[in-house]
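Take a look at the structure below.

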Number of protein chains: 2
Amino acid sequence: MQDIDKKTKIQKKAGINQTIFLKNQPKIIGSYAIVGPKEGKGNFAPYFDYIMKNDFFGEKTFEKAERKMLETAITGVIQNAKLQPKDIDLMIAGDLLNQIISSSYAARAFQFPFLGLYGACSTMAESLAVGSVLIDGGFFQNIVCCTGSHFSTAERQYRFPLELGNQRPPTSQWTVTGAGASVVSLQGDGPRITAVTFGKVVDWGINDVNNMGGAMAPAARDTLLAHLKNTKTKPDDYDLIVTGDLGKLGSEILIDLMEDEGVTLGLNYGDCGQMYYRREQKTLCGASGAGCCATVFNSYIMKKLKEGEYKKILFLPTGALLSTTSSQQGDTIPCVCHGIQIER
Amino acid sequence: MQDIDKKTKIQKKAGINQTIFLKNQPKIIGSYAIVGPKEGKGNFAPYFDYIMKNDFFGEKTFEKAERKMLETAITGVIQNAKLQPKDIDLMIAGDLLNQIISSSYAARAFQFPFLGLYGACSTMAESLAVGSVLIDGGFFQNIVCCTGSHFSTAERQYRFPLELGNQRPPTSQWTVTGAGASVVSLQGDGPRITAVTFGKVVDWGINDVNNMGGAMAPAARDTLLAHLKNTKTKPDDYDLIVTGDLGKLGSEILIDLMEDEGVTLGLNYGDCGQMYYRREQKTLCGASGAGCCATVFNSYIMKKLKEGEYKKILFLPTGALLSTTSSQQGDTIPCVCHGIQIER
């Protein structure tokens, strides 16, 4: 009790509420990323653990392929962490499909206690945030955090039947086919999660479902400002500040919004969605989907952290919390962003 | 670090993995339940805080009414806990609608950091489980945990257009229109959450979407057996063991399944769904929906805990983690159940 009062006091002093400082600094001891063929031709291709030959991955439906990707990522990350399935105490996962079926069915395949989340494309950060806090509190030893998305399941659930061959507006992004997983642990070796900022729901009134980047940028701004304030850091203190899938337009909007607040985002700022595909892959504003930053984080970023190229990063995935129903009923798009500070 | 190692060791000894013992025993310092008119004529009517006059609650769509119920429950529970909105550090919520829009839009109305969950009808337990563990670890002071459901939104999303007036099979249940919320806190006065069992995903192969009780009973069995084993308790040690919405059939199946394991559930066992409506309300197997156990827990059960009639209870809401897509693709129904042990 005394210990807790002390910790709470420290957090209050830092102007907390939103940012949690992790005293025991949970480690990310394993990572794994599996992607589809299009993603396997993108800029991060050399870093992925597994590139599928086609979008069906041996299954009869895209939905079952998405589930199998998640299962593959979970199996892969446990091996990468040099653990056995019996060592895993909890699985925290979510995805974009209605009722997060990909995650629930993947959880059925393993005998792990299961926490299902929904944070849209911010899910990788949401699961790492909850997972690292639960590890830091000493409640669990090893937690698998994962998420994923599939272009074809997302397209037909959120937008149009694939067969329609619909035209895409210039602000649209391409949902990544891929899944990423991390193992967070108290013991072992790996980059340490040192602070977590839980995001608020931010909605600046955008209702164009083909401009997710524009809708989500204000949420990234809100969490980034809170994190910098609560941790008393500035952008230059990080080797990398990386948002999830704001895309080309959204990431430019974020740079402008931060500039308005007197915070300059320099060359150490990047967006997974903006960087994901090559120009000739014709994805317009870049990549999106829960699998976007999940696969970049669990391949490229983790590698650079392990190699020491990055010593301190801030991972800021955003999520657009709308549904087809809310859009049809004329609602604007509420968004969220969680921040994960990771140090080597 | 030393403190954590000690705690982890204690848990390992208890045969843990699934059950977390909460050393600091977070308290439930506030509760609130709002329901629709049909629910306001049911067995728990005298205990609810607010009974709506009609299902629209002054809104143009049922979805917006569901959202407004959640917002009302959150405002109500903060008052009930004698707190101000600024005292709330985190909101943990989920619901049955695609992309949990009711919770996300409700979170937009408040400036709380937000964790969105999906656990279907187990969401009240999932949010209390995560919330109480985060409080116990000293990370937050006051957390709002809430969920809800609406008959009309659930019916048209999961089953048929309301206008169709479809016949309901005898095993079907009636989705509760209602929302419940709790405030979990380190300080203050109220029933204490002393242990939490995180559920695994259990699927015994039921694919009848009109028999959720039958599908979910094995998940309740799994978590109840784990909880009794890990806490070294027997059913008689609890004044109440209460499942969420197994309904008439599902709760009878659970009694049988437990009997097979040599565990007799006596008169201290009940199911919120089975007890919710009066016989003449023609709901067949009883109530269901995330709002079912959320409204019973945050009214009737909390009152009996506060008055001392219940000294120790085990709250075991179950959730069926299917979607219309998974059913259409021939999948069976994966289910989950989380256990919350509460003592006066």
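What follows covers the chain interface, the domains, the nonpolar core and one histidine.

This is a predicted model. Chain A touches chain B through 56 of its residues, and chain B answers with 55. Chain A itself is divided into two domains. A nonpolar core of 227 residues is the largest in the model.

**Where the chains meet**

- The contact between the chains takes 56 residues from chain A and 55 from chain B.
- On chain A, the elements that each supply at least two residues to this side are α1 (2–13), β4 (90–95), α3 (101–109), β5 (114–116), α4 (123–136) and α10 (324–328).
- By class, this side of chain A has 27 nonpolar, 20 polar and nine charged residues.

**The two domains of chain A**

- Domain 1 of chain A spans residues 26–185, and domain 2 spans 192–343.
- Their centres, taken over C-alpha atoms, are 18 Å apart.
- Domain 1 brings 51 residues to the contact, and domain 2 brings 50.
- In domain 1 of chain A, the elements giving two or more residues to the side that touches domain 2 are β2 (27–35), α4, β6 (142–149), α5 (151–158), β7 (174–175) and β8 (178–185).
- Helix α4 of chain A gives the most to that side, with eight residues.
- That side of domain 1 holds 25 nonpolar, 18 polar and eight charged residues.

**The largest nonpolar core**

- In soluble globular proteins, nonpolar side chains tend to be buried together.
- Among the 227 residues of the largest core here, seven touch the most other members: Ala73(A), Val144(A), Ala320(A), Ala73(B), Val144(B), Ala320(B) and Cys335(B).
- Helix α9 (residues 290–307) of chain A provides the largest share of this core, ten residues.
- Which residues does Ala320(B) touch, not counting residues up to four places away in sequence? They are Ala120(B), Cys121(B), Met212(B), Ala215(B), Met216(B), Ile333(B) and Cys335(B).

**A closer look at His227(A)**

- His227(A) sits in helix α6 (residues 212–231) of chain A.
- Is His227(A) buried or exposed? His227(A) counts as buried because 25 other C-beta atoms lie within 10 Å, and the cut-off is 20 or more.
- Leaving out residues up to four places away in sequence, His227(A) touches Thr19(A), Thr197(A), Leu314(A) and Gly339(A).
- Gly188(A) is 39 residues away from His227(A) along the chain, and their C-alpha atoms are separated by 27 Å.

Conventions:
Residues numbered from 1 in each chain as written. Chains lettered and ligands numbered in written order. Predicted model: local features only at pLDDT ≥ 70, side-chain atom pairs only at ≥ 80, totals over all residues. Contact = placed C-beta atoms within 7 Å. Helix = DSSP H or I, 4+ residues; strand = E, 2+ residues; numbered from the N terminus. Nonpolar A, V, L, I, M, F, W, Y, C, P; charged D, E, K, R; others polar. Core = buried A, V, L, I, M, F, W, Y, C linked by C-beta atoms within 7 Å. Buried ≥ 20, exposed ≤ 12 C-beta atoms within 10 Å, placed from the backbone. Domains from an automatic or database assignment.
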